[in-house]
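Please look through the sequence and the model shown here before reading on.

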Amino acid sequence: MSTICILGGGFAGLYTALSLHRLDWGTQQRKIILVDKSDRFVFTPLLYELLTEEMADWEIAPAFRDLLKGTDIEFRQAAVDKIDLTERSVALGDGSDISYDYLLLGLGGETPTAMTTGATEYAIPFRNLADVARVADRLRELENSDREKIRVAVVGAGFSGIELSCKLADRLGERGRLRVIELGDKILGRSKDFNRDAANKALEERKIWVDLETSVTEVTADSISLKYREAIDNIPVDLVLWTVGNQVNPQVDALALQRNSHGQILTQATLQTVDRDEIYALGDLAEIHDANGQVIPATAQSALQQADFAAWNIWASILQKPLLPFRYNDLGEMMTLGTNNATLSGLGLQLDGPLAYLARRLVYLYRLPTFEHQVQVGLNWVTQPVAQLLKNVGG
């Protein structure tokens, strides 16, 4: 009996577990254990839709137990206390231990805020459901107040910062006063020109101010201090959202595994760590190179593809078959730019506006983790407009 322990139920961890379950094991005995501190998987590219109520919690954050129903994958809801590489064991926060033969690290990262004064206390990251709830609570408080304008600062002009800003601008409407703060000299520094142009247009249409080559020196309960060149400006603000940086999980950071200068674990082309063949590292906690030696971006698309290769290679190791080097297929970029607006660039296509918004929704529907969940969400998307129409007619 081989025990496969998967730490982290994000794209890397959950999809690896599901891929392992679907492989043909013949008579080979194995146990697949998935560990996550939350009871829900979060389809993070759709988190923004919760703020505009375009989607519901259950659509993008189904319970692990529902997703794993009908499989032989064992789910443990617990935090990871310690990983012992010598003993090949994992101690969990609920007091239990897991002895493993193969370990997959997919715990993802955390948004670092400690390097900026006041950011930990007053800025809100945007990575999970708890963050969404905090933002939504604050927005409701502001919307129910008598203030004429609601001032929001979004730190970071990567995909998350731009998507978040456009959604918030559409939610707040005329009351919104948004600004995006970026250390670099342009938004979406690693994106394609087509997507950047569409994003700049969306920001301009929503009158979102963009501060380039600007750093944040301090955040307080009602202000943010910005440094541009040598000048520091203190700007009043009602809400600060922090979308920059990535910090490796502390339990993973404590492991004696080789890392790069950013703290990411070094891996082989097979997604095994360079130190130990029984340990696989996926997602943004690892430096991933594909079969051609290129460094792979830490995106949801990358993690999804890594999951299939990791599952195959764990299966191949147990059944003593050849392992496959990871081959990354760049399927392009998609991002939402407000309600009923998005951009899509890849596979020979370049779309923006409502058509790209629809294409993005359909692509993400297809990528939801199980067929059953895809059907539930798809039916809801089809019937929701009809139900709203009937409600309006009845009203």
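This is a predicted model: local features need pLDDT of at least 70, side-chain atom pairs count only at pLDDT 80 or more; totals for chains, interfaces and linings use all residues.

The handedness of the crossing between H6 and H7 is right-handed. On the side of H6 the contact involves Ala136, Leu139, Arg140 and Glu143, and these meet Leu168, Arg171 and Leu172 in H7. Sorted by class, the residues where H6 touches H7 are 4 nonpolar and 3 charged, with no polar residue among them.

Helix H1, made of residues 11-22, packs against H10 at an angle of about 40°, with the two axes 8 Å apart. Since an angle counts as roughly parallel under 35 degrees and as roughly perpendicular from 65 to 115, H1 and H10 are oblique to each other. The crossing in which H1 passes H10 is right-handed. H1 contributes Phe11, Ala12, Tyr15, Thr16, Ser19 and Leu20 to this contact, while H10 contributes Ala300, Ala303, Leu304, Ala307, Asp308, Ala310, Ala311, Ile314 and Trp315. By class, the contact of H1 with H10 consists of 12 nonpolar residues, 2 polar residues and 1 charged residue.

Stepping back to the whole chain, its secondary structure amounts to 12 helices and 23 strands. The radius of gyration of the chain is 22 Å, which is close to the 21 Å that the globule rule gives for 395 residues, and so the chain is as compact as a globular protein of that length. Taken along the principal axes, the box filled by the C-alpha atoms is roughly 65 × 60 × 45 Å. Of the 395 residues in the chain, 51% are buried.

Ile296 counts as buried because its relative accessibility is 7%, and buried means under 20%. From C-alpha to C-alpha, Ile296 is 9.8 Å from Asp284, a residue 12 places away in sequence.

Arg65, which belongs to helix H4 (residues 64-67), has a relative accessibility of 52% and therefore counts as exposed. Arg65 and Gln77 are also 12 residues apart in sequence, and their C-alpha atoms are 9.9 Å apart in space.

Two further residues deserve attention for their backbone angles. Most residues other than glycine have a negative phi. Lys207, however, is not a glycine and has a positive phi of about 55°; this residue sits in the loop between helix H8 (193-205) and strand E12 (209-211), and at a relative accessible area of 73% Lys207 is exposed. Arg229, likewise a residue other than glycine, has a positive phi near 60°. Arg229 is placed in the loop that joins strand E14 (223-228) to strand E15 (231-236), and with 61% relative accessibility Arg229 counts as exposed.

Definitions and conventions
Residues are numbered from 1 along each chain as its sequence is written. Side-chain values use heavy atoms; hydrogens and water are left out. A crossing is left-handed if the near helix is turned anticlockwise from the far one by less than a right angle, and right-handed if clockwise. Helices (H or I, at least four residues) and strands (E, at least two) are DSSP runs, numbered from the N terminus. Contact means heavy atoms within 4.5 Å. Ala, Val, Leu, Ile, Met, Phe, Trp, Tyr, Cys and Pro count as nonpolar, Asp, Glu, Lys and Arg as charged, and the others, Gly among them, as polar. The radius of gyration is taken over C-alpha atoms; the globule rule is 2.2 Å times the number of residues to the power 0.38. Buried means under 20% relative accessible area, exposed over 50%, partly exposed in between (1.4 Å probe, protein chains only). Axes are lines fitted to C-alpha atoms, for helices over the stretch in contact, and angles run from 0 to 180 degrees between N-to-C directions. Angles under 35 degrees count as roughly parallel, over 145 as roughly antiparallel, 65 to 115 as roughly perpendicular and the rest as oblique.
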